[in-house]
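Let's take a friendly walk through this model, one region at a time. Please keep the sequence and the 3D view open as you read.

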Amino acid sequence: MMTFDSVVFDLDNTLCRRTGDVDAAYRRAFDRVGADPFGAPEKLWAALDGPPDPGDRTGYLGAGFARVAARHGRSDVDPIAVAAALLDEIDNAEVELLPGAERALDAARALGPIGILTNGPERRQRVKIEALGLEPTVDAIVYAGDLPRRKPHVDPFEAILTDLEVAADRTLYVGDSLAYDVAGAHNAGLGAAWLRQDDDNGGYDPDYVLDSLIDLTDVLAE
């Protein structure tokens, strides 16, 4: 049984989720570039290849738009321009805590220092953290999007451990991504709790599997 003195959380789809009208933002993106809309957000998400690239979100979304455009015969539209417009139209302040997040944060606080490690840059992620009122409740925040290397590299994990002044083997990292959160935590020597999205673990072996953040309170009470 593992014992922890500190807990670090991922942000997006771990502590919070978007609440904004993505359909409206999608339509406004086409208006920005002066093109007639095609497809829909759900078609775009389905066309994306793997998890987001935090270092090139425009290129990542642009590749999805290119695939959707090809299916609609819309070679007249610049997919990179539409992707950039969509990112501009999405309001990062329109977020809410996931069910059980406050309870999980309280349980983590009872153990010791807590932190947030997100792969996004500060210019985008701080807006969410401020909207959620999280900054005063945590001891450290690392924006890996502003570092030379992001999760699953060990560098951002080592940065948050240094800021919190805690040991890797006494720290639990909680996240929703196997490829970024679980892999990165294990690479850096932390325990890993996976807030699962489905039943496929992708060959990874998280120390704990959570169906919701409420489950984390039981893990920390062990």
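## A walk through the model

Let's begin with lysine 128, which lies in helix α6, residues 122-132. Helices here are DSSP runs of H or I with at least four residues, strands are runs of E with at least two, and both are numbered from the N terminus. This is a predicted model, in which local features need pLDDT of at least 70 and side-chain atom pairs count only at pLDDT 80 or more, while totals for chains, interfaces and linings use all residues. Residues are numbered from 1 along each chain as its sequence is written, and side-chain values use heavy atoms, with hydrogens and water left out.

Is lysine 128 buried or exposed? Its relative accessibility is 2%, so lysine 128 counts as buried. (Buried means under 20% relative accessible area, exposed over 50%, and partly exposed in between, with a 1.4 Å probe and protein chains only.) The C-alpha atoms of lysine 128 and arginine 18 are separated by 9.3 Å, although the two residues are 110 apart along the chain.

Next, look at helix α5, residues 101-111, where Ala101, Ala104, Leu105, Ala107 and Ala108 are buried. Viewed down the axis of α5, these buried residues fall within an arc of 160°, so they line one face of the helix. The arc is taken from the directions that run from the helix axis to the C-beta atoms. Glu102, Asp106 and Ala110, on the other side of α5, are exposed.

Now for some backbone details. Most residues other than glycine have a negative phi, and most peptide bonds are trans. Asparagine 13 is not a glycine, yet it has a positive phi of about 65°. You will find asparagine 13 in the loop between β1 (6-9) and β2, and it is partly exposed, with a relative accessible area of 43%. Glutamate 165 also has a positive phi, about 60°; its place is the loop between α7 and β6 (171-175). With 72% relative accessibility, glutamate 165 counts as exposed. The peptide bond from lysine 151 to proline 152 is cis, with omega near 15°, and proline 152 sits in the loop between β5 (140-143) and α7 (155-164).

Finally, turn to aspartate 21, in the loop between β2 (16-18) and α1 (22-33). Aspartate 21 is partly exposed, with a relative accessible area of 48%.
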